[in-house]
Amino acid sequence: MSAPEATAGGPKPRLPRLENWSPMVHAEGVFTPQECLRIVGLAETLKPAEVQSAVGVGRYRDSDVCFLRPGPDTNWVFERTMGFVEHANRSSFQLELAGFTEPLQVAEYGPGQYYDWHLDFGNGRLSIRKLSFIVQLTDPADYQGGGIDLYCAREPLTAPRGQGTMIAFPAYMLHRVRAVTEGRRRSLVGWIGGPPFR
């Protein structure tokens with residue numbers, strides 16, 4: 001099928017538009033400090049996991065992770081994060097979503113640990129990731145460094161650090177976690193999947 005010929009004065013297709021698009025949506029207090037500690041406690045009972053990303057592991061990433069799966073002790077975490085993601089998607093992204101397609105990840109960064117610039121989107125199983133989200137589990141007074149940056153303009157956009165704050169952004173956004181210099185930073189990370197972009 002050939003594309004219709006464009007004309008300067010001809011009709012233009014009526015495509016839906018996003019009036020409130022933002023590279024990142026955030027909300028403070030999605031989880032209370034006590035709930036953040038509860039999630040950290042759940043993670044401490046789990047075995048460390050090996051992870052791979054679209055850009056590989058090693059020189060791109062140095063962190064410790066474990067996976068939270070749905071169950072009686074964790075369903076409330078999945079429900080709370082999905083509630084925020086659905087709100088963020090309606091207000092800013094309007095992507096076609098299908099729900100969780102993989103476990104949640106609790107990541108821990110100690111001194112010198114980091115995750116360099118990367119995408120959460122890629123080939124194979126990563127191609128169905130549509131939205132990424134991160135919850136700050138640690139009180140920002142307990143660590144130095146470890147900031148989350150999104151590269152969406154000339155200068156990176158830095159995410160808020162408040163404990164219990166949640167951010168959501170498209171999985172195709174370039175982002176990083178800067179090296180922690182003191183203390184330990186923990187975060188809850190997840191992805192919402194959907195049909196491939198087209």
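Visitor: How many bridges join strand 6 to strand 12, and which way do they run?
Guide: Strand 6 (residues 114-118) and strand 12 (residues 174-177) run antiparallel and are joined by two bridges. Two strands count as paired if DSSP finds at least two bridges between them. Strands themselves are DSSP runs (E, at least two residues), numbered from the N terminus.

Visitor: What should I know about the model and the numbering?
Guide: This is a predicted model, in which local features need pLDDT of at least 70 and side-chain atom pairs count only at pLDDT 80 or more, while totals for chains, interfaces and linings use all residues. Residues are numbered from 1 along each chain as its sequence is written, and side-chain values use heavy atoms, with hydrogens and water left out.

Visitor: Back to strand 12. Which residue there is the bridge partner of Y115?
Guide: V177 is the bridge partner of Y115.

Visitor: In what order do the five strands of the open sheet come?
Guide: The order is 2-6-12-9-10, with antiparallel pairing. Strand 2 (61-62) and strand 10 (157-158) are the edge strands, each pairing on one side only.

Visitor: Which side chain does R176 meet in a salt bridge?
Guide: R176 meets D149, at 2.9 Å from N to O. The term means a side-chain nitrogen of Lys or Arg within 4 Å of a carboxyl oxygen of Asp or Glu. R176 lies in strand 12 and D149 in strand 9 (residues 148-151), so this pair ties together parts that are 27 residues apart in sequence.

Visitor: Is D149 buried or exposed?
Guide: D149 counts as buried, at 2% relative accessibility, whereas R176 counts as partly exposed at 23%. Buried is under 20% relative accessible area, exposed is over 50%, and partly exposed is in between (1.4 Å probe, protein chains only).

Visitor: How many salt bridges does a search of the whole structure find?
Guide: Eight. One of them links the side chains of E102 and R125, at 3.5 Å from N to O. E102 is in the loop between strand 4 (99-100) and strand 5 (104-109) and R125 is in the loop between strand 6 and strand 7, so parts 23 residues apart in sequence are tied together. Another joins R186 and E108 at 3.3 Å, N to O. R186 belongs to strand 14 (residues 185-193) and E108 to strand 5, so that pair ties together parts 78 residues apart in sequence.

Visitor: What does the side chain of T138 reach?
Guide: The T138 side chain reaches the backbone nitrogen of R186 at 2.7 Å. T138 is found in the loop between strand 7 (129-136) and strand 8 (143-145), and is buried with a relative accessible area of 9%.

Visitor: New topic. Why is strand 11 largely enclosed by the rest of the structure?
Guide: Strand 11 (residues 166-170) is largely enclosed because five of its five residues are buried. Both faces are covered, with M166, A168 and P170 buried on one side and I167 and F169 buried on the other.

Visitor: Over how many bridges do strand 7 and strand 11 pair?
Guide: Strand 7 and strand 11 pair over five bridges, in the antiparallel sense; L131 stands opposite P170 in strand 11. Strand 1 (residues 25-27) also pairs with strand 11 in the antiparallel sense, over three bridges. There, A168 in strand 11 is the bridge partner of V25.

Key: Helix = DSSP H or I, 4+ residues; strand = E, 2+ residues; numbered from the N terminus. Polar contact = N/O pair within 3.5 Å; in protein donor to acceptor, adjacent residues only side chain to side chain.
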